[in-house]
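Open the structure in your viewer and keep the selection panel handy. The tour below goes from one selection to the next, with a word on what to look for at each stop.

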Amino acid sequence: MSPHLNLTAPYAPLVRRIEAEGSVDGQILRIDHFLNHRIEPAFIFELAHEFAKRLSFFQPNLILTAEASGIAPALIVAQTLNVPMVYAKKYSRQVEAPALSRLIHSPTKGDDNRLVISGRYIKPGQRIVIVDDFLANGRTAAALIDMAREAGGQVLGAGFVVEKCFKHGRKFIESLGVPVSTLAQVEHLDNGQAILTQPEEE
């Protein structure tokens, strides 16, 4: 990896916006009013372009994400890098065989989800980068990595808009041999506030 590539430099516009507008509910950071429920295209476009700069180093020819929150940033990263995007669907009988699938637990929702990808859309030898909205414990990303590798793909990196550092997902994903890039790093949640890693002074 290039010594000049900083995959985890805090992206100031995102950090400042989370500090100003984010709300905390228990262990949940809510920024769904601009990131993953109500979506602001211009801001997602800006974030995705920053990601594309970082992830272009891996020279991917496929972006992989999971339904539904990862689709917006992943789609714009894919558009910027001029490569296709595939998203894992929550279990659906309409996914063509052969299908890759994994069962994951969602701590946010408290239930299990089955993610499914048609085997038609990941080819042996493809250079894959994962893009998603949040990195917490890393289970969704690990399932995507596992399915991509089962299909013969090479997972070269994973990018997440926001990382909850205190959930240790980065360590888990990097233990699978996949470098992680994030735009904002939440060090901990304290008295209803998100404490974030600060950008370097410009």
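In which sense do strand β9 and β10 pair, and over how many bridges? Select residues 180-190 for β9, and you will find the two strands antiparallel, with 4 bridges between them. Before going further, note that this is a predicted model, in which local features need pLDDT of at least 70 and side-chain atom pairs count only at pLDDT 80 or more, while totals for chains, interfaces and linings use all residues. Residues are numbered from 1 along each chain as its sequence is written, and side-chain values use heavy atoms, with hydrogens and water left out.

**The β9-β10 hairpin**

Stay with this pair: β9 and β10 form a hairpin with 2 residues between them, and Asn-191 in the turn has a positive phi of about 50 degrees. Strands here are DSSP runs of E with at least two residues, helices are runs of H or I with at least four, and both are numbered from the N terminus; two strands pair if DSSP finds at least two bridges between them. Show His-188 and you will see its bridge partner Ile-195 in β10; Val-186 stands opposite Leu-196.

Now colour β10 by face. Buried means under 20% relative accessible area, exposed over 50% and partly exposed in between, with a 1.4 Å probe and protein chains only. Ile-195 counts as partly exposed, because its relative accessibility is 28%.

Zoom out to the open sheet of 8 strands, ordered β5-β6-β4-β3-β7-β8-β9-β10 with mixed pairing. β5 (99-106) and β10 (193-196) stand at the edges with a single partner strand each, so one side of each has no neighbour in the sheet. From one strand to the next, the twist averages 30 degrees.

Contact means heavy atoms within 4.5 Å. Axes are lines fitted to C-alpha atoms, for helices over the stretch in contact, and angles run from 0 to 180 degrees between N-to-C directions. Helix α4 (residues 139-150) also packs on the sheet, and its direction makes about 165 degrees with that of β5.

**α1 against α2**

Select α1 together with helix α2 (residues 41-55): they pack at an angle of about 135 degrees, with their axes 10 Å apart. That makes α1 oblique to α2, the class left over when angles under 35 degrees count as roughly parallel, over 145 as roughly antiparallel and 65 to 115 as roughly perpendicular. Show Pro-13, Leu-14 and Arg-17 of α1 with Phe-43, Glu-46 and Leu-47 of α2 to see the contact.

**Into the cores**

Which residues touch the most other members of the largest nonpolar core? They are Leu-14, Ile-18, Leu-47, Ile-63 and Val-162, out of 34 residues. Such a core is a set of buried Ala, Val, Leu, Ile, Met, Phe, Trp, Tyr and Cys residues joined through side-chain atoms within 4.5 Å. The largest share, 6 residues, comes from α2. Centre on Val-162 to find its contacts, including Leu-14, Ile-18, Phe-134 and Val-186.

For a last stop, select Leu-62, Ile-122, Ile-128 and Ala-143, which are among the 27 residues of a second, separate core.

Terms used:
Lists of a residue's contacts leave out its neighbours within four places in sequence.
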